[in-house]
Amino acid sequence: MANSTIFRGVLCVVAATLVTPVAAQDDSASFIEEIIVTASKRETTLQATPIAVSVVTNKDLEQAHIQDIKDLQFLVPSLRVTQLQSSGNTNFVIRGFGNGANNAGIEPSVGVFIDGVYRSRTASALADLPNLERIEVLRGPQSTLFGKNASAGVISVITAKPSLNETTGSTTLTIGDYNQVIVKGDVNGPLSDTVGFSLSGSFSQRDGYYDNLAGGDALGEVNRYGLRGQLLFAPSDTLEIRIIADYDDFDEACCGVANLQNGPTGPIIQAIGGNLVPEAPFAYQGYYDFTPVNQFQTDGVSVQVDYDFNDAVTLTSITAFRSLSRFENVDVDFTSAPLLDPQTANRTETEIDTFTQEFRLSGSTESASWMVGAYLFDEDVEQFTGILYGTGFRPYADILTMGVPGNSVLNLIEGGLGIPQGTFFGAGQGLIELSTMDDQAFSIFAQVDIDLGDRATLTLGANYTEDEKDIIFDSTATDVFSSLDLVQVGGAFIYAAVFQQAIAGGADPTTADAIASATAAALAPVNCSPTNPPPACNELLALQPLQFLPPNVSFPNSVEPGTSKDDDTTWTVRLAFDVSDNVNVYAGASTGFKATSWNLSRDSRPFPQDQAAIEAAGLSVPNLFYTTRFARPEESTVYEIGMKARWDTVAVNLAIFDQEIEEFQSNVFTGTGFNLANAGKQSTTGVEIDIRWQPTDTFQGTLAATFLDPLYDSFVSAAGINGTTDLSGTQPPGIHEVSLTASGRFNFTMGSADGFVRAEYIYEDEIQVIENVPASVASRKVSTLNASVGLAWDNGFEVMLWGRNINNDEYLLSAFPSVAQAGSYSGYPNQPRTYGLTLRKYFD
């Protein structure tokens, strides 16, 4: 993005700020509500918090029909959420930074906390949470107070505590298109003067919107339910204990994948009896030979204890046990050809058990507020992954090798090796991995806010974190063709041909052997080309791209210990100054840290620098290639200046920042596997503005905009369109330069009912979706309109009509090279227009 765009954005903000006091002074009424946040792990008002934070209130969530955390991106322009091939593979990105999907060994860069408890994988954060108070999105590194895996930001979800005063509750019924039905209920109240409880449940079901023309279930369906209970004990004014237990279950067919470019393999898919919908990404239909399975359950228990020693010191303890169980099986070729075994097409089973413990001691004096704490994290990950060929892969490979099913070069090779016809790419062959990861970490942290007079506050904070991971990775390969050394096999064929020619030419066997051996040794590693055609080369080397699933080396082994141990000290320095009672400005810098991420997929391969040692130790296997086992820790730094201003009818928040991540952990799908690598440095300069305007008690308008200038300062080994490439000095794909969300809500009275009309508009400028798919094939521009209208009566009854994406905006969530289909590209289209009616009854 040209820097002038940022400059114009700043000018707009400054102009709005300068005229705001004049407008506010003409009206003595105050309509802007004060919002309480806990972004600094203590309660303060939003306007008094010198941190770049966006807040979405419960009213906004209900009226915008936000169903879970991934829908937040429609209200927070700096947040982007991408859902990939399953419900649980969801990735959060803030200011263009974020990763963590598609691999249980890669923790997210954006930390998600629900009621103070860290959710280590996004799948465990997709619950339909009842009784929300607000959701806070903290932008930029937050590792000082939130520890590891907050290098890009934090999403903090805060739900309401049980009441000790009165019994209340609600029931909600939503019906919508695609046969959508959502049922929710909750009850909340006292059991005694010192004990309160709440109990809630939800059920959500919707048919898919992406038709499977091969006859299976439609994809993009919703089928989930959840239960949540709380107990609140307040035996005295100084002690409070909050216990939360929850369980959520998902069983969904997700998600639709469209063909973006139909390459040369498309006709082959059809030739073997399969089909696909070519180059129609928003037809919302495709061909799948089986219905994908996406099942996961997440549950947990947390206990928070707050004890006030006196009016100035408080001890907080948060203890949590959580588990996540996932089972997925996806038709990853996204056609109806039986290329993969339906039972283990791309099967993943994952079990994650997590224990966390946080202690905080906070207090204040006349001149300072302070906090010290410690955090413990212990997690066990077990994962099974498998991909096996189906009955259609051998015919597919036969045609790819310029033959016909049953009569191809593969048959000739099998005959030459003396193995049964049809051995290569036989149904049930493939690759299976079993992996475990034991992750233990601890942090100690401290932060102090020092009053420098009546108007200035200096904040100093530091966090020391250690993270240790122990990995076991066991790989079993049964793909016969991918286990062949085609240099050796081709050399044997060259030797046989030359030997026969030499004998036919009159040479004796000894001379023929010498000639054939020398020729084979010279030509076996030589690729054929138009300038070097056969017989002066090894023709079989052209088949190496068909060796999709080569063997791997299990570890720990004598070369690779399978362990990582990282430590880092992150810090925060910030100076805030109250220009007036209405305007606060701040300037600061902070750092973030994310520990080593391990690749627990079939794409985990030894590092190139370990090749000599692995070969010397006798660990090497045929066709072993060298990439990465893990990505090194990433460290982020942000320099930021900002303003928080609030008058009677207008509130303006502004942040101008320069943020970078050293060793950014990039994970990109390349068509047959993921490329996990460290980008040397990725940076973003940007401006964020958030304006709330409420000139009367009947109307409120909001405008939130983000202007970014992203750059790969250094990324030498990136996954490009034609393989590994150097993206240094280029703009990272997938990051919008301009993003904005505008909303307007008008309140009115109709008879005895209070009503509202609300509309939201989301805009993002056009970008290339991902680096290894051409922009001409996969670009994205967003221009989406959502709306709702509702009525509420004094008896607690409410009705709301809502529509999302009512203008049927079409854009891609992500894209990738099609699996084992060179020259083709696939992508995830966004959800089409949906609408429905919500009925709600509050009771007390």
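1. Cys528 is partly exposed, with a relative accessible area of 32% (buried is under 20% relative accessible area, exposed over 50%, partly exposed in between, with a 1.4 Å probe and protein chains only). Cys537, by contrast, is buried at 4%. A disulfide (a pair of cysteine sulfur atoms within 2.5 Å) joins Cys528 to Cys537, with 1.9 Å from S to S. The link of Cys528 and Cys537 is right-handed, with 90 degrees about the S-S bond.

2. On the basis of the values: this is a predicted model, in which local features need pLDDT of at least 70 and side-chain atom pairs count only at pLDDT 80 or more, while totals for chains, interfaces and linings use all residues. Residues are numbered from 1 along each chain as its sequence is written, and side-chain values use heavy atoms, with hydrogens and water left out.

3. A search of the whole structure finds two disulfides. The other pair is Cys254 and Cys255, whose sulfur atoms are 1.5 Å apart. Both of these cysteines, Cys254 and Cys255, are buried. Their link is right-handed, with 40 degrees about the S-S bond. With the bonded cysteines numbered in sequence order, the pairing reads 1-2, 3-4.

4. Helix α7 covers residues 486-504 (helices are DSSP runs of H or I with at least four residues, strands runs of E with at least two, numbered from the N terminus). Its 19 residues should span 27 Å at 1.5 Å a residue, and the end C-alpha atoms are 27 Å apart, which agrees; the expected span is 1.5 Å times one less than the number of residues.

5. Just after the helix, Gly506 takes a positive phi of about 100 degrees.

6. The buried residues of α7 are Leu486, Val489, Gly490, Gly491, Ile494, Val498 and Ala502. The cover over them includes α6 (409-417) and α8 (509-523).

7. An open sheet of five strands has the order β3-β8-β9-β6-β7, with mixed pairing (two strands pair if DSSP finds at least two bridges between them). β3 (53-57) and β7 (117-119) stand at the edges with a single partner strand each, so one side of each has no neighbour in the sheet. From one strand to the next the twist averages 20 degrees (axes are lines fitted to C-alpha atoms, for helices over the stretch in contact, and angles run from 0 to 180 degrees between N-to-C directions).

8. Strand β6 (residues 110-114) pairs with β7 in the antiparallel sense over three bridges. Phe113 has Tyr118 in β7 as its bridge partner.

Conventions:
Contact means heavy atoms within 4.5 Å.
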